Structure formats: structure tokens, C-alpha cells
2 protein chains.
Amino acid sequence: MLLTMRDDQELGRITLAQVAKKAGVSLSTVSKVLNGRQDVAAPTRLKVERLLEAHAYRRTTRSAQEAPLIELVFHELDSIWAMELIRGVQNVAKDHQAGVVLTESGTRQAPGPDWIEGVLQRRPLGVVLVFSALPAEVKQQLRSRSIPFVIVDPAGDPDPDVPSVGSANWSGGLAATRHLIESGHRRIGIITGPDDMLCSLARLDGYRSAMSMAGLETDPDLVLYGDFHVEGGYEGTRKLLGLPRPPTAIFAGSDLQALGALEAARVSGLRVPHDLSVVGYDDVPVARWSSPALTTVHQPLRQMAEEATQMLLRMRAQEPVTTRLELATSLVVRKSTAPPRD
Amino acid sequence: MLLTMRDDQELGRITLAQVAKKAGVSLSTVSKVLNGRQDVAAPTRLKVERLLEAHAYRRTTRSAQEAPLIELVFHELDSIWAMELIRGVQNVAKDHQAGVVLTESGTRQAPGPDWIEGVLQRRPLGVVLVFSALPAEVKQQLRSRSIPFVIVDPAGDPDPDVPSVGSANWSGGLAATRHLIESGHRRIGIITGPDDMLCSLARLDGYRSAMSMAGLETDPDLVLYGDFHVEGGYEGTRKLLGLPRPPTAIFAGSDLQALGALEAARVSGLRVPHDLSVVGYDDVPVARWSSPALTTVHQPLRQMAEEATQMLLRMRAQEPVTTRLELATSLVVRKSTAPPRD
């Protein structure tokens, strides 16, 4: 195994020298570009990146023999989504004897500038990013090294330029609201997520469509924006229950917001589902454990991460992949919904 | 950076050849041993391992320059402990610009044989294991390569031969029970974990000591063993509530068992804490989100993982470390406990 590696390193060295010669630069400049260093003039970097791209296959093989890694980059490891996504990547990585490297970086939209150097050093089989966007420079750095990357995007706002896996947020909002209407509810409140996240808007639009298809008016007082956390659900529900005509059911927009709704109901002396029905969204494990267990929209987070990792491996094998894969959501009926009392 | 690496590889190559020569074996045999392959006779492997150990410092440096990694190995990624432990390792790794590689392997007691080959190939800065025990052969393989390893052991059953970080389970059980006694409860039930886990027994002994120090008898009908999952808490609580003289408070042994206790109370038409007090254990995030929020024993999982990772880095720098570090637990009073009704 080690001997094979050494052979590849020999080949790798010849290639790097050739790259330097062809680009008319020193080996040290090629090395700087390879390591993602910033102190190389842009035209030089571009020339070297392109030459590296042409020789990518050989380096690829070597990296795979050393110790195959798949990178998973998050904005927020604390997110309730994180564990399910880690599981999904891990499931596929295990089948390919690859390790999974976790990184936490950046904002909800894009990773910070700090992570790319580590990735370029580790030369993974591929990178799964839980973000909406990637800076153009990072895309080029990964592409020139033949490191495939896929975005898993539970927020529903994908960069059209990057292969991504999401899920059907509009249909999920529609299904949640329809379930409440079919149970006999007419005054249905919604607490969706932040108004700058496409998935919030898609879930809200699904709610509106279900209401209007059933011939029900959408009372603007019953539409609130939250934060996708427990606090947002608690405060939204307190507000809705304080209305002159409170709703008999709430579509809480996320499981954490649904937990906040349960606590607001308890504090107000209301029993769920007898006095108030609550529907969550995501179907993370805590939805099964709450009291009562949550009726919720299953977002297939683990499967989304599995699909993204499979896509990476197909891209690596130069097989064609779809640019955008959207997995179906489905309603899971548990114990937090019932017909209204009256 | 790359040029420096190449220099180190030259040195590395000389060393491996020297090892082969000194051991009187071929370079290919040295390579097999390095990669953890099983097709080398035991005495030969031992000889090579010892020689490698003597030359470990140089290889160490090289690995650190390539792409520093810290390995985290779990039995069960689904465990509610997992996310907090990942966070802790990540926090320290980030400060040292190291990536974190996650592996899921083996049983609750020890990792399976499959993971070691990956670790030996990746040559990480160190390995954090969430297990009680390690096979002797694995310890030797890691030691001969100067890869330090530490066990994080929330189950409280550490291998005395390996540095480990745990927490004070007996004191936690004592604090939980004392809180209920001080609130005025006299009939207090306990659902501890499986009877083959030391942490279950330590928490139960803490309960017994608190009861006897308060001059209260421990009714054997009120002592149950669970599974540390929601189901165990649900079934145990149903059983306790079905007794001719049910308890007014339950120490549920884990947060998940406490969630099961809340659901059993709800199904029995009892309000928590008005009709029944419940105390959890662990203080994982879900304890704050439940309705009502759980009074629980805080097990500093994140800090335990941080300490374990710091220990690795100290071992790597050849600084002395304690063999067993036990962090304090502390009671967190929230809304699931109150004085008994009568």
C-alpha cells in the first residue's frame, strides 16, 4: 500500500515540475497555488489552476489511496438539522471506507474564507456544503483541483451554478395545512421562519394555497414570522392565543417552533391536541419524543445528505448528475392534532 | 509549504528504509505494518512497531504539516450525547486549525476492528474515543505510531490503562434525589439505566445515599432499571404510577427517560409538576425545550470532550496528563419539579 503511494508521489512530482515549466513559473509558485495561498498574482494563479486541472486525474488517484476523506461543512453545528445530515454523509462514506471531516464555518449563506485552506491540504474525495451559496473563487479553487462539491440546502435557496439537494417546502406547507383543514379546523394560524429564507416563504405559500383551495380566507392576523427556534414558536403562539378570536390550530413552521407552541399552550392552561392542534416541520428525532408526540412534515434530511454524497461520488467518477434534486416531504400524523373542540 | 513537505518525505523515506534494514525485513513488510495489515507474523510486527516508535517524532511533524486531523470515534452517532461531544472536540480542533474526522464503529464497549486501518492511514494528531475499552492490540498500534488517544466515557466505566475523562455520576444521583427530598417529597421513584452500565449503578447509589441520609426508606418497588431511552422512561413511569402507593416524584435517570415520564404522566391525566415531579439527567438541549422544561443534572458533555481533546494535544507535546479526569455534575432546576400536592 505504502509502496504504491510512493510510486504515485513520484508521478505527482514529475507532473508538478511539468506544470511549473509549462506555466513558466517556479515550483514554489505552483506549490503556493496548490495550497490556496493568496500571494500569487491572479493571472499566474489562473494559468496554474488550468494546468493543474488538466492533470487532475493523477493527483486524484493518489489522494484516494492515501486516506479517502469526505468533507462536510456547516454554518452551525448546533442546528437541529446537523445530526441527521452527519448521519446521511456518514452512511455513504462508510460504504466507501472514507472518513468524514466536519468543519463549522461562516454564516447561514456561505462558508467563511478560513476553511478552504484546510480542504485544499486534505484533498478530499469531495465536499458537502450545508449552505446556499459559495464564493466564485472557492468554486474555482475546488474545480481546478477536481474536488467535486454539492450543496445540501434545507433552506431552499440554492446557488443555480452548483449541484444541490433540497426538499419540497411548498408541498410540505400545503400538506400540513390540508391535514388541519381535513380535521375540521377553519381558523388556522401559521408561524413560519425568518422572512429572508426562501423555505419560510415556500411553506407560507403552501399554507395560503391550501386555505384558498378549501375556500377559506387567510386572516393576516394569523400569519406570523418566527426564528425557527423554540422561542419564536413560544412567542408567536402566545400572540396568536391572545387574539380576540384565537386560532384552533397552529402550523408551527418547524419542530422547534412547535415545541415552543406546546409550552405556550401549557402556560395558557390549554391541552394539546384537545384545546389546540399543533403541526411541526422537519421531523427531527425530538418530534417523536415530545409530549404529545408531534404531527409534523417529514423533511428527509438524512436521505438528502446521502443523495448529496452519492452525487459527489458520481461526479468524481465523471458520471452525469442533475443540478438540482428536490426530495419529497411527507406528513407524519402523531398526537398533537385532533378535530377542534366546538 | 509543499516544498517543506517534500523535504520531510525525503527524511521519512530514509527512516523507513533504515527501519526495514534494522528489522531485517523488506520495505514492503514495514509498509504492511504501518498500514495495520494483518498478514505479518506477530514477532516481526512487534519488532517493526518498536523501531517505528523510536522514529515517531519525525513522522509526527510531517503529518502535522500535511493536514492536521483529530479523530472522534463513536459507537452510536444517534446517541443524544453525540452532538455535544462533537461540539467539544470541534471547539478545540478549530483553535488548532485541525479538521475533525468522525467514525461510527463497534459496540457500546469498544470500537470494531474496521476503524483502525483508516486511522493509521490518516495519521491524526490524536484520537478521542467514546467507549469504555480498547483492545490491547489497538492500543499498541496507536502507541507505536505516537498517536495519542483519550477515552471520553459518559458511561463511567473506564479502562484504567487509558487516559479518560468522565463525570461524577454518584454525586449527580445524590443531587437529583436531594432536590426532590428538599422539595418535600418522601415517596420518590427512580428509573436508572441498564444494570450493566456503571453510570446506572452510580446514579442509583447516589439516590440510595440521599434517601438514607434523609432517614427515608428505599422501597424496592420504586427502583426500576430502564434503557436510557424514551421508551424505558415511559414504561417505568406507567409501572410506578400503577402501584397501589405511587410515588409523587420520579428521578428518571436520563433526559430521554424523563421525556418518556412526561408522556406517561400526560396519558395518565397527570400534570407535571403539579401532580408529579420529574428530574432528568444529562442536560442535553432537549431538556430545555420540553414542556415543561426539565429539572435535570447537568453532565458537562461538551466540556468533557474539550478536556479530552486538550489532553491529546498535551500528550502530543509530551506534557504529563492525569490518567482519569472526572468533571463535576450540577443540578439545573427548571419547571418539572415542585413540592408534592398533599
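In strand E8(B), Ala249(B) is the bridge partner of Ile188(B). The structure is a predicted model, in which local features need pLDDT of at least 70 and side-chain atom pairs count only at pLDDT 80 or more, whereas totals for chains, interfaces and linings use all residues. Residues are numbered from 1 along each chain as its sequence is written, chains are lettered from A in the order in which they are written, and side-chain values use heavy atoms, without hydrogens and water.

Strands E6 (188-192) and E8 (249-251) of chain B run parallel and are joined by 3 bridges; strands are DSSP runs (E) of at least two residues and helices DSSP runs (H or I) of at least four, numbered from the N terminus, and two strands pair if DSSP finds at least two bridges between them. In chain B, an open sheet of 4 strands has the order E7-E6-E8-E9 with parallel pairing. Strands E7 (223-225) and E9 (277-279) of chain B each have a single partner strand, so one side of each lacks a neighbour in the sheet.

Helix H8 (169-182) of chain B lies across E6, E8 and E9 of chain B, at about 170° to E8(B). Helix H9 (198-213) of chain B packs on the sheet and touches E6, E7 and E8 of chain B, at about 165° to E6(B). Contact means heavy atoms within 4.5 Å; axes are lines fitted to C-alpha atoms, for helices over the stretch in contact, and angles run from 0 to 180 degrees between N-to-C directions.
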